[in-house]
Amino acid sequence: MDLTLYDDNNLLSEEHKELAIKLVDFAAKELGSADDTEMSITIVDDDEIQRINREYRNTDRVTDVISFAIEDGESDDDEFAGFEGIPENIGDLFIDPFKVKAQAEDYGHSFERELGYTVVHGFLHLNGYDHIKPEDEAVMIPLQEKILSAYGLER
């Protein structure tokens, strides 16, 4: 996995950045993603994630993670289909560690567990998984828990 993590304001510790990077790599292996698959994670504060949520999702509130998938599954057109050697870019995640921390406290588990949950949740969205419909949720959430458990981040 070719992951770029941006944290211009140093909102995450080095240990937590390393956790996010290793967890994405682990989840990518679990899904069988190509080694050169690309994505990014940008760490932002409450104000920035609320702005992004308002501007792109029409929801004016703070959230833990926003995913922007390159392939949204709505088109069969892939302008790069058939070109060998071009890595797939699955998209970008924006994560708010302040919201992650608040949720960890609300759910009574560690920041690491909640950060892991948030990273894997967003990663699965970038890979086409969703949880809006019950039948989709029945696939995504168990897969998410399986990945977290296998990595060692159980509830």
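**View 1. Right-handed crossing of helices H4 and H5 in the predicted model**. Helices H4 (111–126) and H5 (residues 134–151) cross in a right-handed sense, a crossing being right-handed if the near helix is turned clockwise from the far one by less than a right angle, and left-handed if anticlockwise. The model is predicted, with local features needing pLDDT of at least 70 and side-chain atom pairs counting only at pLDDT 80 or more, whereas totals for chains, interfaces and linings use all residues. Residues are numbered from 1 along each chain as its sequence is written, and side-chain values use heavy atoms, without hydrogens or water. The helix names follow DSSP runs (H or I, at least four residues, for helices; E, at least two, for strands), numbered from the N terminus. The axes of H4 and H5 lie 10 Å apart at an angle of about 130°, where axes are lines fitted to C-alpha atoms over the stretch in contact and angles run from 0 to 180 degrees between N-to-C directions. That angle makes H4 oblique to H5 (under 35 degrees counts as roughly parallel, over 145 as roughly antiparallel, 65 to 115 as roughly perpendicular and the rest as oblique). The contact (heavy atoms within 4.5 Å) involves Arg113, Gly116, Tyr117, Val120, His121, Leu124 and His125 of H4, with Met140, Ile141, Leu143, Gln144, Glu145, Ile147 and Leu148 on the H5 side. By class, these are 8 nonpolar, 4 polar and 2 charged residues, with Ala, Val, Leu, Ile, Met, Phe, Trp, Tyr, Cys and Pro counted as nonpolar, Asp, Glu, Lys and Arg as charged, and the others, Gly among them, as polar.

**View 2. Packing of helix H1 against H5**. Helix H1 (residues 14–31) packs on H5 at about 120°, with the two axes 10 Å apart, and the pair is therefore oblique. The crossing of H1 and H5 is right-handed. From H1, Leu19, Lys22, Leu23, Phe26, Ala27, Glu30 and Leu31 meet Leu143, Lys146, Ile147, Leu148, Ala150 and Tyr151 of H5, a contact with 10 nonpolar, no polar and 3 charged residues.

**View 3. Packing of helix H3 against H4**. The axes of H3 (residues 97–107) and H4 come within 8 Å and cross at roughly 120°, and these helices are therefore oblique to each other. Their crossing is right-handed. Pro97, Val100, Lys101, Gln103, Ala104 and Tyr107 of H3 make the contact with Phe111, Glu114, Leu115 and Thr118 of H4, and it comprises 6 nonpolar, 2 polar and 2 charged residues.

**View 4. Lining of the largest pocket**. Helix H2 (46–57), strand E3 (65–69) and H4 each supply at least two residues of this lining, and E3 gives the most, with 5 residues. The lining divides into 6 nonpolar, 10 polar and 6 charged residues.
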